[in-house]
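Please read the points below with the structure open beside them.

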Amino acid sequence: MSFARETKEELAHIIPQKSCCQRAELGAYIKMLGDLGISNKKLKLSLKTPLSFLARKILILLKNNGFKTKTLVQDHGRLSQKNFYYIEVEEHVDELLKEYGFIDEKGNLSNRINENYIKNDCCRRSFLRGVFLAGGSLNDPAGDYHLELNLPDEAFARQVSKVLQKYHFTFRLLKRKTAPFLYLKDAEQILSFLSLIGAHQSLLKFENVRVVKEVRNQVNRLVNCETANIKKAVKTAVKQIKDIEYIAEKIGLDNLEPALKEIALLRLDNPDLSLKELGSLLNPPLTKSGVNHRFRKLELIAEKIRNGALG
């Protein structure tokens, strides 16, 4: 089961205690999943979802708020391997739509829910829960962090975005072909959103996976950094040894000043030691910077010999 489906299944078991919150969440489903038609000269409203647990929740919310319904299951066969659940509201559809603001006083369709349903904090949380259940997606936190809300039209997308801004989320609004969607890629904000809509078990799982992932990434960064440092140190040591051997062959190490001869012989005897470790073997000990300064002098002598300026 995908992480998004697990999260939705958890949220589907949350039935708000307050009637106002139930109706706020129901409004999200009507807008996101609803389809209007006419039967026997009366408005017909059906809500379609492939999720059985969401269909059950919508039925409960409709029943709790006094709406008579029936459920149809449409089997799309083996090719799609998916059933769709159709929930039909049989009575008072026009009253329901007017109440939610989806039909105005003149009978025109509206793309926004009545603001009265989302004026309270508890109702806004339920509303956003409904938006996520109806059109949300969430990547497994083991991969890229990505939460998305797919919305039916721009007017409703702007209304949802306005609600989200009240909680200081930084969702970005984009279009995929003609369909708008809001998305988050910040792990902290995704966790905050899950907390806001009540997905506490999913939040804990997300956080646990994120912590393990970040520790692993930190370890990998440290290992990569250490590996890079070792490679750099080895490359530097090889270059130093080549310069020392070249100087020994052309002019002899005895012709070097004592301090340079001392560090040259020490490097030949200890090709795998760092500059700091080499410095600790000198008497008196020398800092890493001091050892590096001596090797720079040896490098310059080797360059002069190669260029014919010394020999």
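1. Phe3 and Phe206 are both buried in this predicted model. For Phe206 the relative accessible area is 1%. Their ring centres lie 6.2 Å apart with the planes at 50 degrees, so the pair counts as tilted. Phe3 belongs to helix 1 (residues 3-12) and Phe206 to helix 9 (residues 200-250), so this contact ties together parts 203 residues apart in sequence.

2. Phe206 also forms a tilted aromatic pair with Tyr145, at 5.6 Å centre to centre and 35 degrees between the planes. Tyr145 lies in the loop between strand 5 (136-138) and strand 6 (147-150), while Phe206 is in helix 9, so the pair ties together parts that are 61 residues apart in sequence. With a relative accessibility of 15%, Tyr145 counts as buried because the limit for that class is under 20%.

3. The count of aromatic pairs comes to 9. One aromatic cluster is formed by Phe132, Phe169, Phe171 and Phe193. Over the ring of Phe132 sits the charged end of Lys8, 5.8 Å from the ring centre. Elsewhere, Lys48 lies over the face of Phe84, at 4.3 Å from the ring centre.

4. An unreviewed UniProt entry lists residues 219-302 as "domain: Sporulation regulator WhiA C-terminal". In the model this span is 79% helix and 0% strand, and its end C-alpha atoms lie 40 Å apart.

5. The lining has 18 residues in total, and Asn229, Lys232, Ala233, Ser274 and Leu275 lie nearest the centre of the pocket. By class, the lining divides into 7 nonpolar, 4 polar and 7 charged residues. The space in this largest pocket is about 400 Å³.

6. The second largest pocket has a volume of about 290 Å³. It is lined by 13 residues, and Ser39, Lys42, Leu43, Val89 and Glu90 are the closest to its centre. At least two lining residues come from each of strand 2 (42-49), strand 4 (83-89) and helix 5 (93-100). Strand 2 gives the most, with 3 residues. The lining of this second largest pocket has 3 nonpolar, 3 polar and 7 charged residues.

Definitions and conventions:
Residues are numbered from 1 along each chain as its sequence is written. This is a predicted model: local features need pLDDT of at least 70, side-chain atom pairs count only at pLDDT 80 or more; totals for chains, interfaces and linings use all residues. Side-chain values use heavy atoms; hydrogens and water are left out. Rings of Phe, Tyr and Trp (its six-membered ring) pair if their centres lie within 6.5 Å; planes under 30 degrees apart count as stacked, over 60 as edge-to-face and the rest as tilted. Helices (H or I, at least four residues) and strands (E, at least two) are DSSP runs, numbered from the N terminus. Buried means under 20% relative accessible area, exposed over 50%, partly exposed in between (1.4 Å probe, protein chains only). A charge sits over a ring if NZ of Lys or CZ of Arg is within 6 Å of the ring centre and within 35 degrees of the ring normal. UniProt positions are given in the numbering used here, feature names are shortened, and annotations may be inferred rather than shown by experiment. On a 1 Å grid over the protein atoms alone, a cavity is a set of points where a 1.4 Å probe fits but cannot get out, and a pocket is an open set with protein on both sides within 12 Å along at least five of seven lines; lining residues have an atom within 4 Å of a point. Grid points are joined across faces, edges and corners, and a volume is the space filled by probe spheres set on the points. Ala, Val, Leu, Ile, Met, Phe, Trp, Tyr, Cys and Pro count as nonpolar, Asp, Glu, Lys and Arg as charged, and the others, Gly among them, as polar.
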